[in-house]
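Good morning, and thank you for coming. I would ask you to look at the structure on the screen while I walk through it one part at a time.

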Protein chains: 2
Amino acid sequence: MKLDQSKHLLIVGLGLLGGSYAMALKKQGYTVSAITRDPESIAYALEHGLIDRGTTDIDEDLIAAADVVVFALYPHVLMNWIREHGHLLKAGTMVTDVTGVKGCVVYDIQAMLPHGVEFISAHPMAGREVSGVQNSDDAIFRGANYIVVPTEKNTSDAIELCKDLGKTLGFASISVLTPEKHDTMIAFLSQLTHCIAVSLMCANDDPDLVQYTGDSFRDLTRIANINDEMWSELFLANRDALLHEMDEYRATFDRLYEYIKIGDRDSMRDMMRLSTARRREFNKKA
Amino acid sequence: MKLDQSKHLLIVGLGLLGGSYAMALKKQGYTVSAITRDPESIAYALEHGLIDRGTTDIDEDLIAAADVVVFALYPHVLMNWIREHGHLLKAGTMVTDVTGVKGCVVYDIQAMLPHGVEFISAHPMAGREVSGVQNSDDAIFRGANYIVVPTEKNTSDAIELCKDLGKTLGFASISVLTPEKHDTMIAFLSQLTHCIAVSLMCANDDPDLVQYTGDSFRDLTRIANINDEMWSELFLANRDALLHEMDEYRATFDRLYEYIKIGDRDSMRDMMRLSTARRREFNKKA
């Protein structure tokens, strides 16, 4: 199957990401339908032209008519959906997702789906500090990374199709990782950073801080404004990898603490120079 | 003394901050001169109209002609300068600084200056991840905080004059703190955040991370690009307060670690909700 405007895309779960997918796909001329729990989300998406059809029902015809199904659900909701309704997916359908952790869902979903339905997992590394379809914005994909996360069961056709979907959505960079490498990487780059921001925000209750803050503190804690339902689930779904990254980071922090305590300025400066050199590599390329 | 365009301002130390002060003051019509060590900095500042006069010498006439002297030097360089040349400051001169820590310099400087020369300390909470007069930009003051840090020795006239200087430079908010409260606050808001960013950057040497990073990691580590000479001195000059804030933060981080480890999702979510509520207060007011 090749992704072109003749294909029908079904989005299951119309939140911020599902809605932003719909927005991007409609702009590219695709037929987009949606299934979600909240009737207000459907009403909003229809009214704003994000979808062509939508329902809160498990509509068998809509599911059967879809060439590509994108699940934009929390991990446990996705697992439950596949368990209960996965048999409704017709052979030849390509199924993908947006889940932020992979090891705990990918293999189980591939094992549960009916013969002929291929699940190719993906992680769009984009988001906002707000949720809900009303905040949909396909601009969040520009300049961002889209990671395709295949297993040995996936065909090269499905991997290509999933890459095409990432390009169609407008992502700047498309890459491919194994579930294990993905989860290790995400534990450090995304989950640990959220743990740090939350901890920093909870560590000091002085109400006067606000009026003296600078941009460094604001930047560092931007993600401390966090969806607790989603992130607590993601943390626990990737617990071992996250705890490992937390250990490594804490050991480094403790090392710097010790240098400050004993006044070892040379070692402090060595760390700062390493930090500066590494950080430069992370600047966005113009 | 009241700050108006008849006053001569002397800036000692033409780096990023000194140069940005000069730029802002010249735009407001003040006469600005400078003393700094590097002849290239003087040449640049003259060529770009940041100053009216400048020299690498300890020019007694220039010092005597100044109504207001702003020291934009590292803490130990400032202390040495006052110790060696402080006697050249004429009675009636108002002296201020930009130092990022206060307790370790303010009292000593006030004790060292000649009779009739008042030192009123200030901390402009603005900067960039680059240094040098060539990167001067008075836009860094817009929207930023300027903190006046008086001791019991300061007159209300000097405090008002220093506030006026902050306003003239273009700062959005001017406030007043004791040296002790300033150092506690800065240990948390500024120094701890730099410790965190440096530690995070040093905690993982996987070269593949760059291609998978998102904006959260970039935001959190922006300040990991750090001037090691300046910050190692600032950390050690405020060691006790910084170590205390590092302890508090680490205890909070360890608490979150424990919740994740034992799977206590309710407690994780409590922390995330507290973090979210607090962080909202830090959003910039429109």
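I begin with one helix of chain B. The buried residues of α1(B) are Leu16(B), Leu17(B), Gly18(B), Gly19(B), Ser20(B), Tyr21(B), Ala22(B), Met23(B), Ala24(B) and Leu25(B). Please keep in mind throughout that this is a predicted model.

How many residues does this helix have in total? Helix α1 of chain B runs over residues 16–27 and has twelve residues. From its first C-alpha to its last it reaches 17 Å, which is close to the 16 Å expected at 1.5 Å a residue. Because ten of those twelve residues are buried, α1(B) is largely enclosed by the rest of the structure. What covers these buried residues? The cover includes the strands β1 (8–12), β2 (31–35), β4 (68–71) and β7 (121–125) of chain B, together with the helices α2 (39–47) and α6 (156–169) of chain B. After α1(B) comes Gly29(B), whose phi is positive, near 90°.

Leaving aside neighbours within four places in sequence, Ala22(B) is in contact with Ile11(B), Val32(B), Ala34(B), Ala45(B), Leu50(B) and Ile51(B). Ala22(B) also belongs to the largest nonpolar core, which has 187 residues. Which members of that core touch the most other members? They are Ile11(A), Ala22(A), Val198(A), Ile11(B), Ala22(B) and Val198(B). As a general remark, nonpolar side chains in soluble globular proteins tend to be buried together.

Helix α6 of chain B, one of the elements that cover α1(B), also holds Lys167(B). Is Lys167(B) buried or exposed? Lys167(B) counts as exposed, because it has 12 C-beta neighbours inside 10 Å. Its C-alpha atom is separated by 29 Å from that of His85(B), which is 82 residues apart from Lys167(B) along the chain.

Let us now turn to chain A and compare two of its residues. Ala122(A) lies in strand β7, residues 121–125, whereas Arg128(A) lies in the loop between β7 and β8 of chain A. Ala122(A) is buried, because 24 other C-beta atoms lie within 10 Å. Arg128(A), with 13 other C-beta atoms within 10 Å, is therefore partly exposed.

Their contacts can be listed in turn, again leaving aside neighbours within four places in sequence. Ala122(A) is in contact with Thr96(A), Asp97(A), Val98(A), Tyr146(A), Ile147(A), Val148(A), Val149(A), Cys162(A) and Gly166(A). For Arg128(A), the contacts are Leu16(A), Asn135(A) and Ile140(A). Ala122(A) and Asp97(A) are 25 residues apart along the chain, and their C-alpha atoms are separated by 5.8 Å. Arg128(A) and Ile159(A) are 31 residues apart in sequence, and the distance from C-alpha to C-alpha is 27 Å.

At the level of the whole chain, chain A is divided into domain 1 (8–177) and domain 2 (182–280). The C-alpha centres of these two domains lie 31 Å apart. Where they meet, 14 residues of domain 1 of chain A are in contact with 13 residues of domain 2 of chain A. On the domain 1 side, α4 (75–85) and β8 of chain A each supply at least two residues. That side divides into seven nonpolar, five polar and two charged residues.

My last topic is the meeting of the two chains. How many residues of each chain are in contact with the other? There are 71 residues of chain A in contact with 71 residues of chain B. Several elements of chain A each supply at least two residues of its side, among them α7 (179–202), α11 (239–262) and α12 (265–280). By class, the side of chain A that touches chain B has 38 nonpolar, 18 polar and 15 charged residues.

Helix α12 of chain A holds Arg269(A), which counts as partly exposed with 17 C-beta neighbours inside 10 Å. Not counting residues up to four places away in sequence, Arg269(A) touches Asp228(B) and Ser232(B).

How are the two chains related? A rotation of 180° with 0.0 Å of shift along its axis superposes chain A on chain B, with an RMSD of 0.0 Å. That is the relation of a two-fold axis. In chain A, the C-alpha nearest the axis belongs to Leu220(A), 2.2 Å from it. Finally, 100% of the interface residues of chain A are also interface residues in chain B, so the copies meet through the same surface.

Terms used:
Residues numbered from 1 in each chain as written. Chains lettered and ligands numbered in written order. Predicted model: local features only at pLDDT ≥ 70, side-chain atom pairs only at ≥ 80, totals over all residues. Core = buried A, V, L, I, M, F, W, Y, C linked by C-beta atoms within 7 Å. Buried ≥ 20, exposed ≤ 12 C-beta atoms within 10 Å, placed from the backbone. Contact = placed C-beta atoms within 7 Å. Helix = DSSP H or I, 4+ residues; strand = E, 2+ residues; numbered from the N terminus. Nonpolar A, V, L, I, M, F, W, Y, C, P; charged D, E, K, R; others polar. Domains from an automatic or database assignment. Least-squares fit on C-alpha atoms with pLDDT ≥ 70 in both. Expected span 1.5 Å × (residues − 1).
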